[in-house]
Amino acid sequence: MPRFHRLRLRLRALFGRSRLDEELAEEMRFHVEMEIQRHLDAGLPPREARRAALRRFGGFDQLRERSRDEWSFVALELWWKDLRSAVRSLGRSPGFTAFTLLSLALAMGLGATVFSLVDPILFRPLPLREPQQLVTLSEVLTEVPAGFAKLAMNVAYADFRHWRERNHVFADMAVFVAEEVTCATTGQTEALEGARISAGLFAMLGVQPVLGRDFAERDERAGEPASVIIGYDLWRRGFDADSAIVGRSIVVDGRPRTVIGVMPAGFGFPSVAQIWTPLVVPSPENTHGRFAFKCIARLKPGVTLELARRDLATIGEAIAREHPQTNAHVAVWVQSFNKTALGSFAAPSRTLLGAVGLVNLVACLNVASLLLARGLSRHREFAVRAALGAGRWRAIRQLFLECAVLSAAAGILGFFLSFAGLKTVFLLVPDEVSFHPFLLQFEIGLRVFGFTAGMALVSCLVAGLVSAGQAMRSDVLPGLKEAGSNSVSGRRQRRWRGLLVTAEAAGAVVLLSIAGLMVRTLRNLERVDLGFDARRVIGFHVISLPPDQYGTAPQQARFYDTVCAELAKLPGVRSVAVAAPVPLEMLQGSQSSNQFVVEGQPLLRKEEQPFAEFATVSPGYFGTLKIPLVRGRDFTAADNADAPPVAIVDTAFARRVFGRTNPLGRRVKFDAKAADDGSQPWREIVGVVAEVKRNDVMDGEARPGFFLPLAQCPRSRMSVLLRTADGDLAGLMPQVRETMLGIDETVALYRPFSLSESARRSYAGNRIMGQLLAVFSSFALLLAGAGIAGVVAFTVAQRTHEIGVRLALGATSGDVLRLIVAQSMRPVVLGLVVGLGASVALSRWWANLLYGVGRNDPITLAISAAVLGGVALVASYLPARGATRVDPLTVLRAE
Amino acid sequence: MGTNSQPKIDLLQGTLDLLILRVLQPGPQHGWGIAQRIHLLSQEALRVEEGSLYPALHRMENKDWIEAEWGPSENNRRAKFYRITAAGRRQLEAEREGWFRLTEAMAQVLNSAS
């Protein structure tokens, strides 16, 4: 009841002011009447009684004011009043307001955009059941032959089975392997990204089919009818959302399979895969040493990563004892799934977030310094207010409210800007770059709004504290005397402003140097010598050939001969070649490292044999990619299945294996599992070619590679390359498709590509980073310039009198100009030093994102500093020049 | 400022609230009545300024120690009557105790021999 009573009182206070006043007046009237009555009773004449009563009472208005102050709504009302006056005061300087509002809104818009990008990577849990319990397992060779990098591999199926049987730490385990497949959908055969998965993978991830059922163990048995699960998008697009799809038979990779389920909308795993077949491994015992699968497991509740690592290490040792041939030097790595799935995004995300934070800081400081400068011109206003009895707190509150109004408006604007920001970022990303559309769902929602609100709050506090701190120091008297620059407080204020300029310059320099390093990285990446000429080369993949017509190697070789011959007839096509794999355009699982033996060299134990990267290529491949032939000859049509087995090696191979001796004529034996049965013949090396970048532009030293002729070693998935006159992928593909349909209409073309685009795509992430950081740093540069110019302009305005005196005493305008510019540049130079120091101190954060440039590259740092210094010089020169044009007489007369 | 020439006692900050609560303890009273009661109960030593009384009343109303209601006065005029609330009674108890402790301590200091 009392609480309700008070609420009623306040509501009445807010909305029924006049009624409250009336009640107060009536209460007073009653009091006066009673007083008069008392005086009358005491025997005073009526006139006297009335006068006595009223005199004692004092002014009614004063009483009413004091009484009103007791009602708490007064405080509220003051806030409201101050808020309105803050808005009015901002409205009085529209230029200042527009600039600060816009710059803050842009900074916050950038911040919100970046946050929406990094939130699912850094902060939001993955959209899986208890994702923190999921781990990734991989195997690693502990003893690698000299010159070969130790690297995490996939997992052998046999090892997976051992782990599953013997471990004490996992609630669930599953393996999968991504692979492209062809699928006959409504009206066409298309090539798609898919995966072979073990039963229980979806359940472990916590995703269930929306139609039908998940794979069960019986689907993995060899004799069972072949089954398939398809994704929601494929179901909608390829099968017209047929509600009776479950139980229907569809053709996958040329064989019929029964659809048993449809996964929910938006789900793809891994990455964008939309079609899943069960993993059928007929004789798991034979898979030791074949590291082919990705493995995910779910930790039992309460089990730590460390515990899991120890358990797996023990099991690994046991397996190594049982199978020393294949597992003697194999260790198991256990890492959190989150880290392996998104780990590569984490460092760039953190760098972006940090950079955008810096942009916001610079924007805040910029607003603070402009508010400060503006505050100086309002110094008199505040001094007069203080003299008239306005509390200092009230003045500070007013400044704070102005910041709050600016920040809130900027936050709202920035939030809406981030919608456009996110769209723009997506435009920068090439379509083919898969960003785990299921795991990473970028959206602008409550979390982004909350983040933006947080930024607004911080900016309000920073800008508000700085300007309030200023107001707190301002004294009433000097303010009234308008003796700004020579008083102690004037000097203090100048130091205070200098500090802001220093901080702004430092932040901008850090951003400029990161951006500079990124730009240089991009330029280096664009100039990387790939070892071949990717320009104007286009191509496509053939995932599988229908098994009925192309069951044997000669049949496949003949097919590709026809393809090369027919495509070469197209106008604008210079040459055609077929290869697998193609550099920069690797298909899932098409990369294969193989061990090899050299005739005449001591035989090593199996696990000590070196590895080399293997590729199957058609004659003319090296010519098409313009890979220089260093020695010997290219493959020819004569190198067919009946001819003596031959091979070509690259210079890395020749260097590592043969040193200075001539490799031509030497014979090697490759354990090329991917080729056929693995019992390979001795092959004579007939040529040596230059080494190339295989995976991406940033590849380090090339691993040794060797090439086999297509006719002697065809593979199921091949890529067709066309060197063209103009490299116009979109223009040529229709004719290419038509030609391919003419050769065989059941063969699906997968993912057409332009090789130079593939090269660019392999550093798409660096490019996006570079572009974003370039935007950030230019923005920060602009803000810093504006901030410095604003501060100098106000300083100059304050010192007009002093400048006038100096001019009158004989100083030239050049002297004055030099004086002002030198004084304004002092905090900038300090900022440059601090910023460069900070860049060097923090540079290990972005060291991994760089290529071909040191993280503390002195040239980049020097350029960043010079750019900012130049901008600052211009920003202080312009207002300073204006100051020297004052007429000393006018100024002195104004005294 | 008073019409009579009695020695004036300045009220300590906060003591007015205590007096008002004490005066309201027996029953509701209007503002003038409160001032009169304090005047009388203090044997005319204390006179409450209207300028202090009404703001104090409104402050106390805001703190929920008292509540107000309009009603007819003894001479049948409309008057605002203040009534002590449960919270007000608790406040009175607490303050009364505090006051006695204070005055006792003050007396001890002021009456000490040296």
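In chain B, helix H1 (residues 15-24) and helix H3 (residues 50-62) cross at roughly 75°, and their axes come within 10 Å. That makes the two roughly perpendicular (65 to 115 degrees counts as such, and over 145 as roughly antiparallel). Keep in mind that this is a predicted model, where local features need pLDDT of at least 70, side-chain atom pairs count only at pLDDT 80 or more, and totals for chains, interfaces and linings use all residues. Residues are numbered from 1 along each chain as its sequence is written, while chains are lettered from A and ligands numbered from 1 in the order in which they are written.

- H1(B) brings B:Leu16, B:Asp17 and B:Ile20, and H3(B) answers with B:Ser52, B:Ala56, B:Leu57 and B:Met60 (contact means C-beta atoms, placed from the backbone, within 7 Å).
- By type, that contact splits into 5 nonpolar, 1 polar and 1 charged.

**Chain B overall**
- Chain B has 4 helices and 3 strands (DSSP runs: H or I of at least four residues, E of at least two).
- Starting at the N terminus, the order is α-β-α-α-β-β-α.
- Some 31% of the 114 residues of chain B count as buried (20 or more other C-beta atoms within 10 Å of a residue's own).

**A helix pair in chain A**
- H25 (residues 813-842) and H26 (residues 858-884) of chain A pack at about 155°, with axes 9 Å apart.
- H25(A) and H26(A) are therefore roughly antiparallel.
- Their contact includes A:Leu817 and A:Ile820 of H25(A) and A:Leu868 and A:Ala872 of H26(A).
- The residues of this contact divide into 16 nonpolar, 6 polar and 1 charged.

Notes. Axes are lines fitted to C-alpha atoms, for helices over the stretch in contact, and angles run from 0 to 180 degrees between N-to-C directions. Angles under 35 degrees count as roughly parallel, over 145 as roughly antiparallel, 65 to 115 as roughly perpendicular and the rest as oblique. Two residues are in contact if their C-beta atoms, placed from the backbone, lie within 7 Å. Ala, Val, Leu, Ile, Met, Phe, Trp, Tyr, Cys and Pro count as nonpolar, Asp, Glu, Lys and Arg as charged, and the others, Gly among them, as polar. A residue is buried if 20 or more other C-beta atoms lie within 10 Å of its own, exposed if 12 or fewer, and partly exposed in between; C-beta atoms are placed from the backbone.
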